[in-house]
Amino acid sequence: TSPDCWIYCTSTVGDQQVGANLSSNYDACVRIDDPHAFMAAIWRAFMPLVFCMGWWQCQYVGRVIHYNDRTHPVQIKEDFFSHQKEVRAVFFKPKAKPKPFVIKIPQLKNLVTRIK
């Protein structure tokens, strides 16, 4: 188990199947040209609101593992999803339950290229 948190998900590969399964209004895909600058910009925008735990590639090992493996629960996904090659940034707000919100980060558009 893990405390409630926000998770920002990306992929290390371009996979049309992944995008098509996200939602019925999927209409764009971008390549992040500078992943470190991209995540730093998100972190700076969130910093006044939340704590950034970090960002990692998901581990596709099933939903149940022994914790002494030291793999945090937010990194775990079923092997079935391994084609997604997902990377997750994880944000917590101490002593508060995450709620949806929209944040605008204009400089992100300079760090991506639209590919679809």
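**Figure 1. Confidence along the protein chain.** The protein chain has an average pLDDT (the predictor's confidence in each residue, from 0 to 100) of 82, and 87% of its residues score at least 70. Confidence is lowest in helix 1 (residues 16–20), with a mean of 66, and highest in strand 7, with 92. Helices (H or I, at least four residues) and strands (E, at least two) are DSSP runs, numbered from the N terminus. This is a predicted model in which local features need pLDDT of at least 70 and side-chain atom pairs count only at pLDDT 80 or more, while totals for chains, interfaces and linings use all residues. Residues are numbered from 1 along each chain as its sequence is written, and side-chain values use heavy atoms, with hydrogens and water left out.

**Figure 2. The largest nonpolar core.** A nonpolar core is a set of buried Ala, Val, Leu, Ile, Met, Phe, Trp, Tyr and Cys residues joined through side-chain atoms within 4.5 Å. Buried means under 20% relative accessible area, exposed over 50%, and partly exposed in between (1.4 Å probe, protein chains only). The largest core has 13 residues, and Phe38, Ile42, Phe91 and Leu108 touch the most other members. Helix 2 (35–46) and strand 6 (86–92) are the elements that give two or more residues to this core. Helix 2 supplies the largest share, five residues.

Figure 3. Phe38 lies in helix 2 and counts as buried because its relative accessibility is 5%. Apart from neighbours within four places in sequence, Phe38 is in contact (heavy atoms within 4.5 Å) with Tyr8, Ile32, Leu108, Leu111 and Val112.
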